[in-house]
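Let's work through a few exercises on a two-chain model. Have a look at the sequence and structure first, then try each task before reading its solution.

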Amino acid sequence: MSTFAIVFYTLMIAASCLAAYYHRREAFLVLFSLTLASFLMGLLGGESWLRTVAIAIGLFFACAGLAYSFREFLAQTLPRETAKIMRNAPLTASFGLFVILVYVVAAVFAPVIAPHGEAEVIGSSYAPPDENMLLGGDQLGRDMFSRIIYGARNTVGIALLTTALAFLVGSLTGLMAATLGGWVDQTCGRVVDTLMAIPQLVFALLLLTIVGTNVVNLILVIALLYSPLVFRLARAVAGNIVVMDYIEAARLRGEKTWYLIISEILPNATAPLVAEFGLRFCFVFLAISALSFLGLGIQPPTADWGSMVRENATLISFGEVTPLIPAAAIALLTVAVNFVVDWMLHLSSGLKE
Amino acid sequence: MKDVLSLVAKRLGLGFVTLLVVSIIIFGAVELLPGDLAEAILGQAATPETVKAMREELGLDRSAPVRYVEWLGGALQGDFGVSLANKRSVAEQLGPRFRNTLFLAAVAAAFSIPISIVLGVLAALYRESVFDRIANVATLTSISSPEFFLGYILILFLSVQNPWFPSISSVTGDMPFTERVFVTLLPAITLTLVVIAHMMRMTRAAIIALLASPYIEMARLKGEPRWKVIAVHALPNALAPIINVVALNLAYLITGVVLVEIVFVYPGVGQLLVDSVTKRDFPVVQACCLVFAATYILLNLLADVGSILSNPRLRHPK
């Protein structure tokens, strides 16, 4: 047994004992099952596996600590009402908020943070990491790190734009269908049913074959394919609102349909729509990354996470992790948004369980 | 019983109509091309004569409805025309690949369905405990990761750093069954990770929704153990939503294979589709889309019929 293994096991067992001593049942269960699992890993894979496990555990606790302190920070600095909500937020939510903040900073200040240009060739292809190129070079010798930073701007920006477009189309038609009713409602409903009967990725591939692959077409096609889901939700939410008395009153006052939608229905449908925006953003973001990964989405030389994975995938067979970093960036943002949306849904539903 | 049959028949009829409309969309989408198919294939440099010859070869001189009926008739008999890229019959290329895709989806389903239902029941049984919370975070993470991320992580750990599985799933027709399963294992695990989260969360939610009902409270007051309350009393009543979510995820498995097939170079329909999209090989793209859409609609139909059959309130309407 090496020193590393001895130190690792001692720390794990000590932590489990501490948790047991202070009657933290859940913490104890987690720690002790982790200890048992790492015994098994150590036996199976030797020290290299044990190191991986130790790094994973360390990362997990680092994230938890970060989330905890960020929550505390927000609770201390925000005005009282918001601080109260923040203090009761789960750790996952504050972690999500923190990650989103980091992405926003990276996207806004990309030219300042990135040491090199987006499409600037500065080294040999697949150059190993050094102090000039933090993560090494990509297949053309461009700086991986700078491209990942710029990717925050391009990939997330395009996904946001697409989601916003899908939302505009979907929610407006949904609210309109609910308010007008009758044949408008029926037609919209049938069209949406048909659009949703074809798997989205497959439909996107079909449409992109026809209109050709460029960013504008990509945004339009994905927005078109994801608006039916928004339509359904908007229609369902608005359907419950249009039967209310105050809508009836507004109708009797002789208000126009447009006024009804904007001033009477929309304000009461915002909460579910905002949560839906977060969820839809995740799906749109994943879809765009998938298409870029297939080489049919955002086109080079624009730095984009999906296509970066594809371009550098050969490195994986040499045991390199660099191609996984852009993929991890995609996953991390989606996880973060999902955590926040989960929390918001919980808040708006008022559930205590 | 008669009502159920008419309900199911109605649902099947609706599914058939949807399929017809979808086939019209798939066919019609190509008609929306600026200019027409012949011009799109030949590009801008083509002379009017070559375009005319191409039009005649593709049969574009006839009207669209006539060609649609011919195309659909052919497709129903398993004839999808000829590929533009290599002049081979589309059905010939599609057939073995579709069997491969179904095989991959079946292996993934064989893993994911039992695991996710067991995990869902456990999460409902020990809800609000550490296990439930960890499962919640883990499933959210796997739901949020793109398929290629999971796939490459598996390749990195299970085939590059520890050479246990092949990183490229080259399946051939004459492979013995066990070897075939072994080669398909990595893509199947990737797919399992993707769909397990959704199924598990739905199972958990379906069971928890039932736990507030009076008959569950009664069972608990009788002094039955917790697992028995859930397995014997709650689970059978949660079957309808579970069947539904299983069928939906099977549909997802069939279509979600596109990315996984690309990552593992698995010879399935998804790979063919992506290849043909880059080559703008319209007959193949149309055929792949039709096959995917038909499978998707069929499985959605099964989900609906399954939930009608498993719900006594729908079986015996008042």
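Predicted model: local features only at pLDDT ≥ 70, side-chain atom pairs only at ≥ 80, totals over all residues.

Residues are numbered from 1 along each chain as its sequence is written, while chains are lettered from A and ligands numbered from 1 in the order in which they are written.

**Exercise 1. Work out how far chain B can be trusted.**

Step 1: start with pLDDT, the predictor's confidence in each residue, from 0 to 100. Chain B averages 83, and 96% of its residues score at least 70.

Step 2: check the overall scores: ipTM is 0.83 and pTM is 0.86.

**Exercise 2. Describe the fold of chain B.**

Step 1: count elements, using DSSP runs numbered from the N terminus (helices are H or I, at least four residues; strands are E, at least two). Chain B has 14 helices and zero strands.

Step 2: get the dimensions. Along the principal axes, the C-alpha atoms of chain B fill a box of roughly 85 × 60 × 35 Å.

Step 3: look at contacts (C-beta atoms, placed from the backbone, within 7 Å). Of the contacts in chain B with a separation of 6 or more, 72% join residues 24 or more positions apart.

**Exercise 3. Characterise the side of chain A that touches chain B.**

Step 1: count residues. Chain A gives 40 residues to the contact and chain B gives 41.

Step 2: find the main contributor. On the chain A side, α13(A) supplies the largest share, nine residues.

Step 3: sort by type, with Ala, Val, Leu, Ile, Met, Phe, Trp, Tyr, Cys and Pro as nonpolar, Asp, Glu, Lys and Arg as charged, and the others, Gly among them, as polar. That side splits into 30 nonpolar, nine polar and one charged.

**Exercise 4. Which residues does Ala293(B) contact, leaving aside its neighbours within four places in sequence?**

Step 1: list the partners in chain A: Ile198(A), Pro199(A) and Val202(A).

Methods:
Contact = placed C-beta atoms within 7 Å.
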